[in-house]
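Here is a friendly note to read alongside the model. Please keep the structure open while you go through the points.

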Amino acid sequence: MFEDVLIIIRCAGERTEGLCRQMALAQGVPEENVIQVREAPFSEAMKRSFRVAIERNMKWTFCVDADVLLRPGSIARMMDFAAEQPENVCEIQGLVLCKFFGGPRPAGNHLYRTSLLKKVLHNIPAEGEDIRPEAHTLDAMTAQGYPWTNIPYIVGLHDFEQYHKDIFRKCFVQAHKHENFTDLFMEIWRKGSEEDQDFRVALAGFARGLEHCGPVFIDIRDQLFTHCLDTIGVVEKEPVVSENWSLDAVETTIRDWRGPTIYKEKL
């Protein structure tokens with residue numbers, strides 16, 4: 001099965017980059033079929049990923065963000081879902097259990113039909129045109145007769161074990177990207193900050209994002225996000241201890257998750 005899929009891990013220095021790769025390999029994917037791409041801004045990471053995939057020319061290209069920890073069997077399960085789709089479906093997307101949204105949501109995983117990636121490449125927006133470049137691209141493909149589909153299956157965990165600097169940056173962007181979820185964020189993060197410093201950092205990043213009135217791009221190099229931890233008095237985390245996480249640990253976290261009431265009302 002795995003001879004038909006190329007796994008591309010899109011990396012931006014995430015604390016779980018190595019873990020993400022480890023969990024793909026642990027599912028039986030050959031090492032030569034797991035590639036890490038490091039480009040910024042995000043639109044350039046998309047382009048680089050697709051060009052590599054076109055060159056390798058495998059049937060499926062599974063792009064996974066490095067902040068996702070895959071559950072056991074998730075790659076094979078997604079390929080099974082993909083095999084059931086009509087030939088014009090360009091992308092299949094599962095759900096992730098997101099720490100900062102409080103439950104499952106579509107993010108961080110995109111299983112593309114490689115034969116359509118040249119068309120996908122042509123639909124990536126110019127940098128700065130859209131704060132959601134991948135969603136923009138998929139909407140454009142849909143308009144041209146190549147839809148994408150969302151599968152109600154959780155492929156893994158999202159934004160667990162991330163560096164504080166990345167949490168700050170992401171939540172800064174969320175103030176512009178997902179402002180309609182402000183009430184959900186405030187309830188979950190305020191309560192969570194009592195025991196988990198990640199949520200304190202999330203609140204600080206979101207507040208700074210609300211103060212910012214200019215354009216926001218998904219670019220880790222942006223000066224908006226530098227020196228963020230110094231201003232809130234938070235010490236950065238040490239590298240993650242890989243022995244603390246395994247495919248089984250991810251599965252247990254998903255199985256035992258109990259989302260807050262507001263998540264169930266909002267999503």
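1. The protein exposes about 12,100 Å², and carbon and sulfur atoms supply 49% of that area. Accessible areas here come from the Shrake-Rupley method with a 1.4 Å probe, and for residues only the protein chains shown count as cover. As for burial, 54% of the 267 residues are buried; buried means under 20% relative accessible area, exposed means over 50%, and partly exposed lies in between (1.4 Å probe, protein chains only).

2. A word on the source: this is a predicted model, in which local features need pLDDT of at least 70 and side-chain atom pairs count only at pLDDT 80 or more, while totals for chains, interfaces and linings use all residues. Residues are numbered from 1 along each chain as its sequence is written, and side-chain values use heavy atoms, with hydrogens and water left out.

3. Now the overall build. The protein has 11 helices and eight strands, where helices (H or I, at least four residues) and strands (E, at least two) are DSSP runs numbered from the N terminus. Its radius of gyration is 18 Å, close to the 18 Å that the globule rule gives for 267 residues, so the protein is as compact as a globular protein of that length. That radius is taken over C-alpha atoms, and the rule is 2.2 Å times the number of residues to the power 0.38. Along the principal axes, the C-alpha atoms fill a box of roughly 50 × 40 × 35 Å.

4. How far apart in sequence are the residues that meet? Among contacts between residues at least 6 apart in sequence, 79% join residues at least 24 apart; a contact means heavy atoms within 4.5 Å.

5. On charge, the mean positions of the 31 positive and 41 negative charges are 2 Å apart. Lys and Arg count as positive and Asp and Glu as negative, with His and the chain ends not counted. Each charge is placed at NZ of Lys, CZ of Arg, CG of Asp or CD of Glu.

6. Next, the interior. In soluble globular proteins, nonpolar side chains tend to be buried together. The largest nonpolar core here has 41 residues, and Ile-7 and Ile-75 have the most contacts inside it. Such a core is a set of buried Ala, Val, Leu, Ile, Met, Phe, Trp, Tyr and Cys residues joined through side-chain atoms within 4.5 Å. Among the elements that give two or more residues to this core are strand S1 (5-11), helix H1 (17-25), helix H3 (74-83) and strand S8 (148-158). Apart from this core lies another, of 23 residues, including Phe-101, Ile-167, Phe-199 and Phe-206.

7. Which residues does Ile-7 touch? Leaving aside residues up to four places away in sequence, Ile-7 touches Ala-24, Val-29, Asn-33, Val-34, Ile-35, Phe-62 and Ile-75.

8. Helix H7 (residues 182-192) is worth a look. Its buried residues include Leu-184, Phe-185, Met-186, Ile-188 and Trp-189, and their cover includes H6, helix H8 (197-211) and helix H11 (261-266).

9. Some backbone details deserve a check by eye. Most residues other than glycine have a negative phi, and most peptide bonds are trans. The bond from Ala-40 to Pro-41 is cis, with omega near 0 degrees, and Pro-41 lies in the loop between strand S2 (34-38) and helix H2 (42-56). Asp-159 has a positive phi of about 70 degrees, and Glu-161 has a positive phi near 70 degrees. Asp-159 is buried at 6% relative accessibility, whereas Glu-161 is partly exposed at 25%.

10. Ser-43, in helix H2, is buried at 2% relative accessibility and touches Ile-124, Pro-125 and Glu-127, not counting residues up to four places away in sequence. Gly-13, in the loop between S1 and H1, is partly exposed at 38%; beyond four places in sequence, Gly-13 touches Tyr-163, Lys-165 and Asp-166. Glu-238, in the loop between helix H9 (228-232) and H10, is exposed at 62%. With residues up to four places away in sequence left out, Glu-238 touches Arg-15 and Tyr-163.
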